[in-house]
Amino acid sequence: MIPETGFLGMMLGATLGVQVVLALLGFMSLWSWTIIFTKMILYKRTRRQVTQGYALFSEAQDLSEGLQAVSRDGSTALSRVGLLAVGEFRKLEKADIDRERKRMLVKDTLRRVLRQGVSEEMKRLSSSLSFLATCANAAPFIGLFGTVWGIMHAFHSIGLSQSAALATVAPGISEALVATAIGLVVAIPATIAYNYLLALLGEVETELVNYAGAFLNRVEREVSWASSSKG
């Protein structure tokens, strides 16, 4: 016989609807904490890489040295964006068109490619982050659904037992209210973590955009055919 006291006993004795809700909330909590720890480590490492990489790129003597500097740590967000831009730059450099036409195209072409590279990095970094927003918004309502379901069952039990004594009502209502509490336990950390991770992601995006601008400026200054000056 399942004991009536204790949290585990209460959950095991809950109705099927409440148990399903609690199982769903448990999965959401487990997966959200996995995302929180994984993304926190990833974002902090990426922020460090892009901050240091951008500083090295800015201090480099020329574009080639700057690209080598940001690639020293292997494949990073900065190196991937830079390589994408260099690849497009090489294609334009080898294109069978006159120099003046290339000069007119290079700035807009590189700007589009750099923007694409930054967007791809942000898309990669933000993957699964929407699940935290879903947990933050949906978990309280899922818990509330479990509460409503449990209270309905409690009142049904009152009708069957024809007794409104506290000993009859309390177990059903208490197990129902636990669903709302667990829904909040899932939602509150997800909300806090989502906002914190979004702030970290914003810092990464800012550094990537700054790098893209610095890359474009170096090309215009250092590559002769890309310069707006004549001769």
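**Terms and their grounds**

Author: Leaving aside neighbours within four places in sequence, glutamate 121 touches Ala77, Arg80, Val81 and Leu208, where contact means heavy atoms within 4.5 Å. This is a predicted model, in which local features need pLDDT of at least 70 and side-chain atom pairs count only at pLDDT 80 or more, while totals for chains, interfaces and linings use all residues. Residues are numbered from 1 along each chain as its sequence is written, and side-chain values use heavy atoms, with hydrogens and water left out.

Reader: Why is glutamate 121 called buried?

Author: Buried means under 20% relative accessible area, exposed over 50%, and partly exposed in between (1.4 Å probe, protein chains only). Glutamate 121 has a relative accessible area of 6%, and is therefore buried. This residue lies in helix 5. Of the 231 residues in the protein chain, 39% are buried.

Reader: What makes serine 128 partly exposed?

Author: The relative accessible area of serine 128 is 38%, so the residue counts as partly exposed. Serine 128 sits in the loop between helix 5 (99-125) and helix 6 (129-161).

Reader: What is the phi of serine 128?

Author: Phi of serine 128 is near 75°, a positive value in a residue other than glycine. Most residues other than glycine have a negative phi.

Reader: How many helices and strands does the protein chain have?

Author: The protein chain has seven helices and zero strands. Helices (H or I, at least four residues) and strands (E, at least two) are DSSP runs, numbered from the N terminus.

Reader: Why are helix 2 and helix 3 called roughly antiparallel?

Author: Angles run from 0 to 180 degrees between N-to-C directions, and axes are lines fitted to C-alpha atoms, for helices over the stretch in contact. Angles under 35 degrees count as roughly parallel, over 145 as roughly antiparallel, 65 to 115 as roughly perpendicular and the rest as oblique. Helix 2 and helix 3 (residues 63-70) pack at about 160°, with axes 8 Å apart. The two helices are therefore roughly antiparallel to each other.

Reader: Where is confidence lowest, and where is it highest?

Author: Confidence, given as pLDDT (the predictor's confidence in each residue, from 0 to 100), is lowest in helix 1 (residues 7-12), at a mean of 62, and highest in helix 2 (residues 16-59), at 91. The mean for the protein chain is 82, and 81% of its residues reach 70 or more.
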